[in-house]
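Let's take a walk through this structure together, one chain at a time.

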Amino acid sequence: MSAADQAAVMRDHPLRRWIRAYADSRLALAGLGLLVLIVAAAIAAPWLAPQNPYDLMQLDMLDGRLPPGSVSGDGELRYLLGTDAQGRDMLSAILYGLRISVVVGVAATLLALLVGMTLGLVAGYFGGRFDALLMRVVDIQLAFPSILTAMILLALFGQGIDKIIIALVASQWAYYARTTRSVAMVEADKAYIEAARLLGLSTLRIVFRHLLPNCLPPLMVVAALQVAAAIALEATLSFLGLGLPVTEPSLGLLIANGFQYLYSGRYWISLFPGLALLLTLLALNLVADQLRDVLNPRLRKS
Amino acid sequence: MNSVHNAAQAVLEVTGLSVGFAQRGTVLRAVDDISLHIAPGEVLGLVGESGSGKSMTAYSLLGLVEPPGQVSADTFRLCGKEMRAADERAWRQLRGRRIAMIFQDPMMTLNPVLRIDTQMVEAIHAHRRVGRGAALEMAAAALQRVGIADAPARLHAYPHQLSGGMRQRVAIAIALLNAPDLIVADEPTTALDVTIQAQILAEMQALCQASGTALLWITHDLAVVAALADRVCVMYAGRIVEQGPVDQVLAQPAHPYTRGLLDSTPAAAPSQHADNAGATRRLSTIPGLPPALGERPEGCAFRPRCARASAACLQVPALVAVSPGHEVRCFHPLARVSA
Amino acid sequence: MPFFILRRCLQAVNVLVVMSLLVFAGVYAIGSPLDLLVDPQATTEDLARAAAALGLDQPVWVQYGRFLSRALGGDLGDSFIHGSPAIGLILARLPATLELAVVAMLIAVGLGVPLGLWAGLHPDTVGGRTIMAGSIVGFSLPTFWVGLMLIMVFSVQLGWLPAGGRGPTTELFGLPLSVLSVEGWRHLILPATNLALFKLALIIRLTRSGTREALQQDYVRFARAKGLSTGRVVGVHVLKNILIPVVTVVGMEFGSLVAFSVVTESIFAWPGMGKLLLDSITQLDRPVVLAYLLLIVLLYIVINLVVDLVYALLDPRVGRGGSGR
């Protein structure tokens, strides 16, 4: 193979092609940039936040419910986004809340992906009775609104970050199982899998080295969409008082805390955490949208 | 054959027709400066491989090119009407009435959720004010004309209840409904079984002859053209590379591409291969692939695949006559037997 | 066709039985209601008596058997908290929730289909792009937060609309409805809009992609080649094809609309069954939760059945046992 040929192959490497196709949309690039910023802010929250919103020593009740831009009683701090009823700096609370929301969303998605993908692979590759049973369960699960499944489980387990992750996994694994299974079934019938079998490769190797990589592109699309769904669902459940406890306030709880103050015109306690949540979901959806176009050639715009 | 050049009575007269797609500052021409003229009742074969621009040519003749595609022409007269600046309204009056079209895949051309009668009656009502009962009678008669037995029952069917050949017959019946002057047929038999192909070909020919309808038959199959057409245009990479009376072009192809097509077509007018007479003809293929839009070479687009190519071919050759009515776009036309 | 309906009904009964078992098992596992219901200072005998009165001293499967046989007679048990039949409590609140969900779905379809169609026909115009961008934002909006913002803007700042409650209702065939009076609409419009937003975004995208796909089909080109007007091509040939996925999604999403009304109802203090569910979950009122879930399952089954039937009417390719081939 000549150098030119090699360069041509490199140019046509799927990853490169995907990156180029992704970069086609400026909106999608903006979404990706926003997402990187948000994740960075979530990770760096303790260093970025002007105060630690959960260190009660740092809070001053006299600073409660100050509008955006106010200066703290001791003149040391400017509350850019105002304060809540406890005199907590909203900007700090949002950064910490974002951290919790992102961690819960990503953890739940990865776990659900792992569970769903494994079950889907096994069902798709081996078929038979396990497949039939699994698909029946998946159908029932998917027919049921995710919020109900999660509500019932949280009522069962009680509040807590680990419990909400379990509830989210339980209400989302089925999407991955179904996607993986349908791709795996198509791929398992193809000649290259038959060839691998004839070569005497072990089943594990066939499933994980040959089958799995082909299932990944559609799973990435589903996962990107489901991270957004998981974060939104967690926020909703926390808003309803079923999700995270008051000691670990995610964005949903912050918004709920501001609900009663809305009527007296103190909009900032609910408005800003909601905007943060909106931007997070928007960034994720923009990325997921473009991923779907890029990874699903059938739907690609001509 | 010379009467063909009489523009006054031509059904279709286009010169300098191009269909371009703007892309990153340049314009890619799917159809590049082609000229066509079709006399009443004439059958013109337009031959080319997929990607040669023949379907885009067909769409442009009915004003069906969608943005971002852009059509331009020096002359564009259809049934005596000037169409260069025609708006959608003017097009709509001609489409389905004076010029009709049949598509390649009959599985895709009929709307799957509408019954046959709906799809036929609306084609009549688009151009004529007749009652539904009269329209249904016309539809049933049209179905009978294309050889569909039990027409009234078929009218109540949905497309999926008919076979592929039957569906193509329905499409043909729809095209013939308003007795058009010209039918553009874009490979209408390619998707069908060979036996049904032959039947439909023969029926189309008979129907058009009977009604005096001109036919532009687009195909990649020279054998079909040999059996059907009066004249043939060979298209390559958006340009017409050779055109002329079908006997002459098939017997004495002047363009290397036409020659290559003939050699790779089983039994395209075999008796006319004077040089091969007596010997068993071997099928050969043209090396390489037709270029994709946007990767077309400068000059003669066939150059990279052509054994006779020279430095001269970096320029686009003009269409030159090799005999009356027979023209070729090549600097090195094949040696001809007769002068 | 009758056979098709019968088969679907049998399937539905199957699903209902399986779901009742699952839901019962799930809800049974939710803490002991005795801890909440009985005075903490009660003696062991008191506890046992209370348990016997509620049937909680029996093994699980006996409880399920009892539950099932009563359920067949329409009795889903009495609420632990309210003491009245659970099904009655829920049915009393069902019309409010259904009205909210139906109006929300009508808003989503009524706006979503035309907007999606327009965006699909003019994908590269400013309008088309704006509609698409709007639908992506709509997807990303947290429903509950939008509810708060609607209250903030329209009730608190502008003072145009009430912030919550259902207001007066008008009876029609015994059903209390809000849509029959202006005052009812003033209470209904904010929660219904709130609930509709996500589905609106969904329907816009679905209609747009369906339209774009249909426009590239040969049957659309063929219809244009027949000389049909743009109105007929879009209004009949395109629309009839995209209605099929739209109807399916409307059906599938209606159940989730009812489920998600839990959120909207709790924000707008809408007296529907979602609010009741939320309270029942926190109070461990098992029979009410059970009754709610079973009702939702039943709703899903009925909707699915209706969708399948409508589908068979819209798409000639399905549901007609023996087609021509």
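Cys215(A) has a relative accessibility of 0%, so this cysteine counts as buried. In this predicted model, Cys215(A) sits in helix α10 of chain A, which covers residues 203-239. What does Cys215(A) touch, leaving aside residues up to four places away in sequence? Its partners are Leu121(A), Thr180(A), Val183(A) and Ala184(A). Leu110(A) gives you another landmark: 105 residues separate Leu110(A) from Cys215(A) in sequence, and their C-alpha atoms are 15 Å apart in space.

Stay in chain A and look for helix α6, residues 128-143. This helix of 16 residues spans 23 Å between its first and last C-alpha, close to the 22 Å expected at 1.5 Å a residue. Which residues of α6(A) are buried? They are Asp131(A), Leu134(A), Met135(A), Val138(A), Ile140(A) and Gln141(A). As a reminder for reading such a list, an α-helix has 3.6 residues a turn, so residues three or four places apart point the same way.

With a relative accessibility of 8%, Asp131(A) counts as buried, and its side chain forms a salt bridge with that of Arg181(A), at 2.8 Å from N to O. Because Asp131(A) belongs to helix α6 and Arg181(A) to helix α8 (residues 161-188) of chain A, the pair ties together parts that are 50 residues apart in sequence.

Side chains of opposite charge can pair when their charged atoms come close. Arg259(B) pairs with Asp263(B), with 3.4 Å between the closest N and O atoms. Asp263(B) counts as buried, at 18% relative accessibility. Another salt bridge joins the side chains of Asp32(B) and Arg29(B), at 3.2 Å from N to O. Here Asp32(B) is buried, at 15% relative accessibility, while Arg29(B) is partly exposed, with a relative accessible area of 41%.

Asp33(B), found in strand β2 (residues 26-38) of chain B, has a positive phi of about 55 degrees although it is not a glycine. Is Asp33(B) buried or partly exposed? Its relative accessibility is 39%, so Asp33(B) counts as partly exposed. Glu187(B) also has a positive phi, near 45 degrees, in a residue other than glycine. Glu187(B) lies in the loop between β8 (182-186) and α8 (194-211) of chain B, and at 7% relative accessibility it counts as buried.

Strands of a sheet pair through backbone hydrogen bonds, either parallel or antiparallel. In which sense do β10 and β11 of chain B pair? Strand β10 (residues 231-236) and strand β11 (residues 239-245) are antiparallel, with 6 bridges between them. Arg231(B) stands opposite Pro245(B) in β11(B).

Glu66(B), Glu88(B), Arg95(B) and Arg224(C) are linked in a network of salt bridges.

Follow Arg224(C) into chain C to finish the tour. Chain C contains 12 helices and 2 strands, and its pattern along the sequence is α-α-α-α-α-α-α-β-β-α-α-α-α-α. Of its 325 residues, 48% count as buried. Among contacts in chain C between residues at least 6 apart in sequence, 73% join residues at least 24 apart. The accessible surface of chain C comes to about 14,500 Å², with 67% of it belonging to carbon and sulfur atoms.

Terms used. Residues are numbered from 1 along each chain as its sequence is written. Chains are lettered from A and ligands numbered from 1 in the order in which they are written. This is a predicted model: local features need pLDDT of at least 70, side-chain atom pairs count only at pLDDT 80 or more; totals for chains, interfaces and linings use all residues. Side-chain values use heavy atoms; hydrogens and water are left out. Helices (H or I, at least four residues) and strands (E, at least two) are DSSP runs, numbered from the N terminus. Buried means under 20% relative accessible area, exposed over 50%, partly exposed in between (1.4 Å probe, protein chains only). Contact means heavy atoms within 4.5 Å. Accessible areas come from the Shrake-Rupley method with a 1.4 Å probe; for residues, only the protein chains shown count as cover. Two strands pair if DSSP finds at least two bridges between them. The expected span of a helix is 1.5 Å times one less than its number of residues. A salt bridge is a side-chain nitrogen of Lys or Arg within 4 Å of a carboxyl oxygen of Asp or Glu.
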